[in-house]
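I opened my notebook to look through this structure step by step and to write down what I could find in it.

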Amino acid sequence: MTAHATRVLVLNSGSSSVKYQLLEMKDHSRLAVGLVERIGERDSRLVHTPLTAGDGGKRERTGKIADHTEALRAVADELARDGLGLDSPELAAIGHRVVHGGLKFSEPTVIDDGVLAEIERLVPVAPLHNPANLTGIRTARELRPDLPQVAVFDTAFHTTMPEYAARYAIDTETADAHRIRRYGFHGTSHAYVSRKTAALLGKDPSEVNVIVLHLGNGASAAAVAGGRCVDTSMGLTPLEGLVMGTRSGDIDPAVTFHLTRVAGMSVDEIDELLNKKSGLAGLCGDNDMREIRRRVDEGDERARLAFDIYIHRLKKYIGAYSAVLGRVDAVAFTAGVGENAAAVREAAVAGLGPMGLAVDADRNAVRSDEPRIISPDGARTVVAVVPTDEELEIAQQTFALVGEVRTVDA
């Protein structure tokens, strides 16, 4: 990394999409953001937005993009049009979101062939995510083989969980042979938000116990004690835990046996049911909280029941993690629903006054992109809204690591 190389490109490669952001690490500003979607289909779409001064605004192109290699080449072309190409000497590294790092990767890691092999070995426990992440990494390495590539793992923040929180109560030999344990996800968000919550309280993260509620279409809770995760709601996969947009969250495992024996459903059909046809969508036909709240306000009973089930599960985790932490300094809401749905925040802490939790109605109604406290003055436990920034977290971890590596190499 040269002295003037201060930019990081963050890539999040999905099975048929690539999300990206180019950040300037001197001031954490975004220079460009974009998305390539429906890769491999005839109606592929690239949306690119340059954010530099004097830019020409959003650009969009459609037409078949055959694979991830072509997608990243298209991204490189769009960046080059703005003078931000992958060949720029100002580009320090590319940071990749990798969903599953198992137990081996507890920190951001410079990618080499050995790291790639280990990510591939984890495909059986992340079959929907790691293959796509690998494709993005390999393509980026082909385009810039000389540039440091860094993997930042969703699971890394949760590797601090004690064994009694991470292990399932099943036969140990079977669990170890097949890597069955609770890994947790949304780690970059939980790390970022727990740190920002501490700053909001004017304290060091080591001094603060916080429950982070990452509520989007995917949703998870984390108990963070002194900056370290001690429990989280997602497990071996992102299916465990809270009620989500299309995922069931916690469910009796015997439901799967029952569906096999009584309904004749295959493993793949049950997988599809629990991951893509359950949660809020399964309960009421909608997985958009805004639409659900509109229906609730109009007296729709299915929407009301779905909302109540969602909130009930959320309250259970707040209570459970309060017991795990012992002392809770703050509960922080984040992600799309957590940041924008005032009704969810209000309902989630309603009746929890004896635990020191409450929201001020006026503060809760305020919409802002800034971290903010929504609990009344003098509340025993702070309730906060803390917007997440997973891309910035990935960029910061990537840039810090590349600087350290180059310093050591020097």
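This is a predicted model: local features need pLDDT of at least 70, side-chain atom pairs count only at pLDDT 80 or more; totals for chains, interfaces and linings use all residues.

My entries below go from the sheet to a helix, then to the aromatic rings and the cavity.

I looked up the strand order and found an open sheet of eight strands, which runs E5-E4-E3-E2-E1-E6-E8-E7 with mixed pairing. Strand E5 (59-62) and strand E7 (109-110) stand at the edges with a single partner strand each, so one side of each has no neighbour in the sheet.

Entry two, the helix. I asked myself which strands helix H1 (residues 68-81) lies across. They are E1 (7-13), E2 (18-24), E3 (29-37), E4 (45-50) and E5, and the helix runs at about 30° to E4.

I found two aromatic pairs in the structure. In one of them, Phe-105 and Phe-153 are stacked, with 4.6 Å centre to centre and 5° between the planes. Because Phe-105 lies in the loop between E6 and E7 while Phe-153 belongs to strand E8, this pair ties together parts that are 48 residues apart in sequence.

I looked for cavities of 30 Å³ or more and counted one. The largest cavity holds about 40 Å³ of space, and its lining includes Arg-7, Leu-22, Leu-79 and Glu-90. I sorted the lining residues into five nonpolar, two polar and two charged.

Technical notes. Residues are numbered from 1 along each chain as its sequence is written. Side-chain values use heavy atoms; hydrogens and water are left out. On a 1 Å grid over the protein atoms alone, a cavity is a set of points where a 1.4 Å probe fits but cannot get out, and a pocket is an open set with protein on both sides within 12 Å along at least five of seven lines; lining residues have an atom within 4 Å of a point. Grid points are joined across faces, edges and corners, and a volume is the space filled by probe spheres set on the points. Ala, Val, Leu, Ile, Met, Phe, Trp, Tyr, Cys and Pro count as nonpolar, Asp, Glu, Lys and Arg as charged, and the others, Gly among them, as polar. Two strands pair if DSSP finds at least two bridges between them. Helices (H or I, at least four residues) and strands (E, at least two) are DSSP runs, numbered from the N terminus. Contact means heavy atoms within 4.5 Å. Axes are lines fitted to C-alpha atoms, for helices over the stretch in contact, and angles run from 0 to 180 degrees between N-to-C directions. Rings of Phe, Tyr and Trp (its six-membered ring) pair if their centres lie within 6.5 Å; planes under 30 degrees apart count as stacked, over 60 as edge-to-face and the rest as tilted.
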